[in-house]
Amino acid sequence: MKIETFKALVVEELGDKQFKREVTPRKLSDLPDGDVLVQVEYSSLNYKDTLSATGNKGITRHYPHTPGIDAAGWVVESRDKQIKEGDQVIVTGYDLGMNTAGGFSQYVRVPSGWIIPLPTGLSLKESMVYGTAGLTAAMSIHKLELNGLKKDAGEVLVTGATGGVGSMAVAILSRLGYQVVASTGKLKEKEFLISLGAHEVMDREELKDPSAKPLGKKRWAGVVDTVGGETLTTAIKTTMDEGSVSCCGMVTSTDLKSSIFPFILRGINLLGISSAEYPLSRKVVLWDKLADPWKIDSFDRIHTECGLDQLNGYIDQMLKGQITGRIVVRLDT
Ligand SMILES: NC(=O)c1ccc[n+]([C@@H]2O[C@H](COP(=O)([O-])OP(=O)(O)OC[C@H]3O[C@@H](n4cnc5c(N)ncnc54)[C@H](OP(=O)(O)O)[C@@H]3O)[C@@H](O)[C@H]2O)c1
């Protein structure tokens, strides 16, 4: 098959800390070397993409660059015998979309060690409704359970609940039978969160406890925190004895202020989540869970689909914390 050009969102550095984003024709020779060429059918928008798309050099060192840490599509060429032309595959994380041209493109070329076969029970589109956000939510819940969280233990708090990771965590926890309390700054989205299975929706302001008290009233059996900062501090000091708090995000701050007391007086576990570099074999286990026993029933409600041409607007909205649910990018148009 001869591919002359294809479309990709390209971010260019203009100088003076200014960056321009434009859908641009690309050639296969523009892609990095790799064992597997994938024709991307769907990608999705994650917070990290907004940083890469706006010139954050902690994420992407060199421009011009195509962001997109997620991609799902068909294998077009493969130098790996285990991966065949025509296979449906998922790629999330590792260096995709960071310093390797990413999924906001009709083609990606990646190492075979990043490739996940699409699990039975999931369509390419559903895999990108989950995307890195769904995988991160699944990792958080998996780690909470490994550390003792049980369905009858009490309420589980999800912060940043209308965001990608947050909405996925609400939907998966509720699918698994947990009692979910969704914390949000968008109370107008209460019905959306209830439709995902939240049993209570609370204003995120209620979660902030600026007092210097080292411990608060015990409430949470477990916490999926996606925002960090003061919210995470309060979550740690209001978690019940031997409960766990997973921590993946830094939307509000990269600082963590906490005393030692929740840890030594209540036995709280603080669980770090790093989805990008999670070993492939363990990612496969979680994707299998997402495809079957943990499969959510709210795919339609939880996502908005857009084309490459509409992505710029959603990137701006996500930077302002205005997105509800997941943005799935369709590449075949
Ligand atoms: N460690 C990992 O492996 C990993 C993987 C994926 C994502 N992440 C991180 O997780 C975080 C969430 O990612 P995402 O893709 O879900 O982003 P997202 O879709 O933009 O969601 C972030 C949510 O945070 C809440 N928020 C925004 N501004 C806030 C503020 N000032 N105070 C409190 N809450 C605020 C909003 O939810 P409400 O309006 O509902 O409060 C927003 O929807 C990001 O920091 C991202 O980098 C980490």
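Which helix gives the most to the lining of the second largest pocket? Hold that thought, and hello everyone. This is a predicted model, in which local features need pLDDT of at least 70 and side-chain atom pairs count only at pLDDT 80 or more, while totals for chains, interfaces and linings use all residues. Residues are numbered from 1 along each chain as its sequence is written, and side-chain values use heavy atoms, with hydrogens and water left out.

Let's start with the overall layout. The protein is divided into domain 1 (6-118 + 298-330) and domain 2 (133-272), with bounds that come from an automatic or database domain assignment. Their C-alpha centres lie 29 Å apart. Across the divide, 13 residues of domain 1 are in contact with 15 residues of domain 2, where contact means heavy atoms within 4.5 Å.

Now for the pockets. A pocket here is an open set of points on a 1 Å grid over the protein atoms alone, where a 1.4 Å probe fits, with protein on both sides within 12 Å along at least five of seven lines; lining residues have an atom within 4 Å of a point. The largest pocket holds about 1,100 Å³ of space, a volume being the space filled by probe spheres set on the points, which are joined across faces, edges and corners. Its lining counts 47 residues, and Tyr47, Val165, Thr226, Gly249 and Val251 lie nearest the centre. Both domain 1 and domain 2 supply at least three residues to that lining. Helix α2 gives the most, with 4 residues; helices (H or I, at least four residues) and strands (E, at least two) are DSSP runs, numbered from the N terminus. By class, the lining has 18 nonpolar, 22 polar and 7 charged residues. In that scheme, Ala, Val, Leu, Ile, Met, Phe, Trp, Tyr, Cys and Pro are nonpolar, Asp, Glu, Lys and Arg are charged, and the others, Gly among them, are polar.

Back to my opening: the answer is helix α5 (residues 229-237), which gives 5 residues to the lining of the second largest pocket. That pocket has a volume of about 280 Å³. Of its 18 lining residues, Asp209, Ser211, Glu230, Thr233 and Lys257 lie nearest the centre. The lining divides into 5 nonpolar, 7 polar and 6 charged residues.

Please find α2 again, residues 124-146. The axes of α2 and α7 (residues 280-291) come within 10 Å and cross at roughly 110°. Axes are lines fitted to C-alpha atoms, for helices over the stretch in contact, and angles run from 0 to 180 degrees between N-to-C directions. The two helices are therefore roughly perpendicular, a label for angles of 65 to 115 degrees. Among the contact residues are Tyr130 and Met139 of α2, and Trp287 and Leu290 of α7.

Finally, two backbone details. A cis peptide bond joins Tyr63 and Pro64, with omega about 5°. Asp16, in the loop between β1 (6-15) and β2 (18-26), has a positive phi near 55°.

Note on methods. Parallel < 35°, antiparallel > 145°, perpendicular 65-115°, else oblique.
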